[in-house]
Amino acid sequence: MDRGSRILGLGTYVPERIVTNDDLAEILDTSDEWIRKRTGISERRWVEGDVGPAELAEPAARQAVAAAGLELSDIQLILFATLSPDLFFPGSACLLQDRLGLNGCAAMDIRNQCTGFLYGLATADAFIRAGLYEHVLVVGSEVHSSGLDMSDRGRDVTVIFGDGAGAAVVGPSTEGDRRILGHSLHADGALVDILKLVAPASSMNPRLTAEMMEQGLHYPYMEGRAVFKQAVQLLPGLIRGILTQHGLDLDQLDLLVPHQANLRINEMVARALGLGPDKVINNIQRLGNTTAASIPIALHEAVEGGRVKPGDLVCLAGLGAGMTWGASLIRW
Ligand code: ACO
């Protein structure tokens, strides 16, 4: 068997501040009933003050390295997935690297939104299989709350998103068939307009004006129904496809860890695949949609909660802006 890789340790950090649906109903024309019925979300975590995704990622990264039984100095590459980078440039990976005191190691950002962690995991796996690195830190971290429209205009998007960070240390697989089996990564740039942040943009001169801000172009734009439709159409085939690619079928799947975009999406995908609630992890009820962070946080919770045991077959899957979508299959 060729050299493989596996997740050696996981970490999570979410801000302490809990924002309930009732809290949002005090500032927006919305209700706990509407949000729970349409999205499944009851509460989410939002940062207080000036906190960026690199700061959120630091405790998650430290926890993942400790869980892997490694020292920080063992990390040779940091991959940082986010759609809410601390700065336009440089990337949040560099900011996190400095926070961790790993100055000098390789660091890069991945801009693939809800699929970002999966693109990062695939990249880490490829580097390790190729023998270029031994230990790669893959992080998904988002601060949405500082960029959401807190007026009624943005209520469809604002109620969905939460802040948080998840991290995984990926290293060589030394325990038989316990390894990342493979990935299925996709994108369709023709769908860029259904979910995007219009401004600031380097393709406009000037990149941001007071008029653009008055129009709310610096807040996320989402055609919710179109995103919903793409997710329920694409995800079941994606998951079936990656299993078939590896000569496996749905009966052999122990756990699906889907991106937490909307509980209804995950329920429909599970139904389409015939997977019962014991086979699917959902935590959007407590955390909202944390985008690049949602899959590593959900996976970490699954492992901590004893829902993943050595040898289990685990599928991670998600879809987001781009559109981008993907899945990873792991023999845990
Ligand atoms: N509270 C109360 N009413 C609301 C809210 C709100 N927060 N938001 C919208 N409404 C209203 C609308 O104005 C509309 O009113 P109208 O009928 O009087 O015109 C009504 O509710 C229905 O609006 P729709 O947008 O049609 O509602 P829908 O059932 O599609 O639900 C939602 C909206 C929850 C956004 C849904 O489309 C969805 O979840 N889509 C998927 C979105 C998603 O998953 N995004 C993230 C994935 S990608 C990523 O993670 C980056």
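Start at the interface of domain 1 and domain 2: zero salt bridges cross it. A salt bridge here is a side-chain nitrogen of Lys or Arg within 4 Å of a carboxyl oxygen of Asp or Glu. Before you go on, note that this is a predicted model, where local features need pLDDT of at least 70, side-chain atom pairs count only at pLDDT 80 or more, and totals for chains, interfaces and linings use all residues. Residues are numbered from 1 along each chain as its sequence is written, and side-chain values use heavy atoms, with hydrogens and water left out.

**Stop 1: the two domains**

Colour residues 5–172 as domain 1 and 180–331 as domain 2. These bounds come from an automatic or database domain assignment. Their centres, taken over C-alpha atoms, are 14 Å apart. Domain 1 brings 52 residues to the contact and domain 2 brings 50. Contact means heavy atoms within 4.5 Å.

**Stop 2: the buried face**

Together the domains bury about 3800 Å², with 63% of it on carbon and sulfur atoms. Buried area is the accessible area (1.4 Å probe) that two parts lose on being put together, summed over both. Which three residues of domain 1 supply more of its buried area than any other three? Select Leu10, Cys114 and Leu118: they supply 17% of the area that domain 1 buries against domain 2.

Polar contacts cross here too. The count is 20 residue pairs between the domains, both residues at pLDDT 80 or more. A polar contact is a pair of N or O atoms within 3.5 Å; within protein, one must be able to donate a hydrogen and the other to accept it, and residues adjacent in sequence count only if both atoms are side-chain atoms.

Now show the elements on the domain 1 side that give two or more residues, among them strand E1 (5–13), helix H5 (116–129) and strand E7 (164–172). H5 gives the most, with seven residues. Helices (H or I, at least four residues) and strands (E, at least two) are DSSP runs, numbered from the N terminus.

**Stop 3: the ligand**

Select the ligand and its surroundings. 23 residues surround it, and the closest are Thr30, Arg38, Cys114, Asn262 and Asn289. Near means a heavy atom within 4 Å. Zoom in on Thr30: an N or O atom of its side chain is 2.6 Å from a ligand nitrogen. Gly224 places a backbone N or O atom 2.9 Å from a nitrogen atom of the ligand. At Arg225, a polar side-chain atom lies 2.8 Å from a ligand oxygen.

**Stop 4**

Go to Asn205 and Pro206, joined by a cis peptide bond with omega about 0°. Pro206 sits in the loop between strand E9 (195–196) and helix H7 (210–214). Next, select Gly322 and Met323: another cis peptide bond, omega about -15°. Met323 is in the loop between strand E12 (313–320) and strand E13 (324–331). Then find Gln113, which is not a glycine but has a positive phi of about 50°.

**Stop 5: a salt bridge**

The structure holds 12 salt bridges. Select Glu55 and Arg99, whose side chains meet in one (3.6 Å, N to O). Glu55 lies in helix H3 (residues 53–67) and Arg99 in helix H4 (residues 92–100), so the pair ties together parts 44 residues apart in sequence.
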